[in-house]
Number of protein chains: 2
Amino acid sequence: MTTIIDVAKKAGVSKSTVSRVVSNKGYVSQETRQKIEKAMHELGYIPNMLARNLQSGLTKTIAFISHDFNQHTSIFLNAFTKTALNHDFYVNLYVTGGDKDKELDALNLMKYKQVDAIFIFTRSNSWDKIIPFKKFGPISTWHRIDSPDIYSSYVNQYESYLMSLEFLLTRDYQSIGHILGDENNKNTIARIKALNHFYDYHPELKKDCDWIFVNSSHLNTGRDIAKKWASSIHKPDALVFYTDFIAAECISELQLLGIKVPEDLGIMGFDNSTISEIVHLTTVDCHLETQALNCFNYLHSQLKQLDFKPKDITQDLVIRSSTK
Amino acid sequence: MTTIIDVAKKAGVSKSTVSRVVSNKGYVSQETRQKIEKAMHELGYIPNMLARNLQSGLTKTIAFISHDFNQHTSIFLNAFTKTALNHDFYVNLYVTGGDKDKELDALNLMKYKQVDAIFIFTRSNSWDKIIPFKKFGPISTWHRIDSPDIYSSYVNQYESYLMSLEFLLTRDYQSIGHILGDENNKNTIARIKALNHFYDYHPELKKDCDWIFVNSSHLNTGRDIAKKWASSIHKPDALVFYTDFIAAECISELQLLGIKVPEDLGIMGFDNSTISEIVHLTTVDCHLETQALNCFNYLHSQLKQLDFKPKDITQDLVIRSSTK
DNA sequence: TTGTATGCGTTATCAC
DNA sequence: GTGATAACGCATACAA
């Protein structure tokens, strides 16, 4: 391994001068610069990032923490990584599998100086446990959290959920089933609020509490929901899911059961992820790419002390044939 | 920031003794160990990875290079990252977007000591350009390559393709269309060989060259293939795709066109990825998780000078309702 | 069992 | 403009 010292010897200068050339800082005369560049070239000199990192105290690396990496993660991850690379930042992956301790290990990496900042895609620990890590560096997430310490690119699912329900009404769906996420999730709470308001606005519609599911229930997969629907006597004529994949699973199972979408049952998803196009799912596009951009830009601005203006995120209905 | 020097002062010992405690190497008496641990705790000492990395010359990080991260990548990525983390290794992502120069930048990271090893998921440069990087550290891939310098976990797609075609024959499909990947890809070459042998074995079947597509053609997406099929006069009664996602796109478009799968047209995929279950796709499971395991274990064994025995990878037909 | 001295490769701070 | 020297924080031969 050749170092700046080797280059310095070969070029007959001091290592500080070589460093100036390598890092392109400070004054070096044309003459000596060329001498040094020639020596660097001949020796095949390669700067050592490890030494640079130690010196600067920075790694130019951001941790991306998630339970796992599946089709649900990939849109976001792809956008995030692309943006990061464009800004000369690396993205380090940490799969926690939903394990709280592993998640804390991952969060600890920032204080060990292994990474400069953290993005949280999914988490198991409470925000109260996570927020203290802020003192070691910036943290962002796409989940809904109201904290001055952690940036969140969340979209208001109250609005989009109301929009989805009103849309179903225009398509003449009268009784609607609701498949919601984790009950403690703020998005879920916002959706429940929207749902209640929706029924307040439309007293003619009946709210069927048997068809409001939260993730904590036994019916976790879309396939379970489909089976439940098929075997029920009182059944809604439309189902709204909190995420596309579960909706896609449901459609898939409905096909096996010979139930027609959207004639027998209308289905709506959320996210406009790749799979939604495959299964013709009506859904809401919440522009994950833009969210990823905002999440990275926040971290970047914190690290470089730039000011940060998030891009506006709209929520747009994407109408496909899973609804009438 | 507190360092081992601070701890040493507080505990009244030398920094080397502290280092021994921190890194858990060498002899330290119970007594002084406790003194040091107490001091570490009181000062809230945190070891600095940057310094450790410089000292060891290692980052415990592996680069994962891919054109992008989509549903196609996620199974592999997930398995790879999980395995890596279990062995205390980090995974760094490099999205190249198919750009040759960006890919070379990513490969260069190993010589800059930014990563210890490299896994290549997708590539743009020729192997000849990639192989020289081997001298900076181990490289593995899941693509088919026969080189002593790069480990490959590839499965023999000649066998699996022949298996797929023979299976279709048992289901009474007589004329088969073939959708293949990049023409320079070794997997594609293996598939073409299998295809030719298949027609040699079964002279009663006619080989329709109009229905053998390689990726370089204009028909890139599954939707294009579906439209082409719908508008053709001479059409095969089954299509075999080189990857599930394109097959899923095709099924999706066929549904829009009112064409029945498997009655009007049988469809087969390859990979057994998540999407295949959603769209009821008959496919081949080539155990990506095991391949990812092998790819990581190879790199790990090279870095730690262990011996490496890859796990056997079988290819299993997964029969769903996209075929009769 | 512990301390001393030196190295890892680079950058920053001074003089000159 | 350039060069000596000291950081950066830790690890490790070697001496004691």
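**From the annotated domain to the interface**

I start with the record: an unreviewed UniProt entry annotates residues 3-46 of chain A as "domain: HTH cro/C1-type". Please bear in mind that what we are viewing is a predicted model. Over that stretch, residues 3-46 of chain A, the chain is 70% helix and 0% strand, and its end C-alpha atoms lie 7 Å apart.

Let me turn to a sheet in chain A. Four strands make up an open sheet with parallel pairing, in the order E7-E6-E8-E9. Strands E7 (212-213) and E9 (266-268) of chain A are at the edges with a single partner strand each, so one side of each has no neighbour in the sheet. Further in, strand E6 (residues 176-179) of chain A runs parallel to strand E8 (residues 238-241) of chain A, and four bridges join them. One pairing to note is that of A:Ile176 with A:Ala238, its bridge partner in E8(A). Helix H9 (residues 186-201) of chain A lies across E6, E7 and E8 of chain A, at about 165° to E6(A).

How much area do chain B and chain A bury between them? The figure is about 4,400 Å², with 66% of it on carbon and sulfur atoms. Of the area that chain B buries against chain A, 15% comes from B:Leu50, B:Tyr112 and B:Ile278, more than from any other three residues.

A:Glu277 forms a salt bridge with B:Arg223, with the closest N and O atoms 3.8 Å apart. Finally, H5(B) gives the most to the side of chain B that touches chain A, namely eight residues.

Technical notes
Residues are numbered from 1 along each chain as its sequence is written. Chains are lettered from A and ligands numbered from 1 in the order in which they are written. This is a predicted model: local features need pLDDT of at least 70, side-chain atom pairs count only at pLDDT 80 or more; totals for chains, interfaces and linings use all residues. Side-chain values use heavy atoms; hydrogens and water are left out. Two strands pair if DSSP finds at least two bridges between them. Helices (H or I, at least four residues) and strands (E, at least two) are DSSP runs, numbered from the N terminus. Contact means heavy atoms within 4.5 Å. Axes are lines fitted to C-alpha atoms, for helices over the stretch in contact, and angles run from 0 to 180 degrees between N-to-C directions. UniProt positions are given in the numbering used here, feature names are shortened, and annotations may be inferred rather than shown by experiment. Buried area is the accessible area (1.4 Å probe) that two parts lose on being put together, summed over both. A salt bridge is a side-chain nitrogen of Lys or Arg within 4 Å of a carboxyl oxygen of Asp or Glu.
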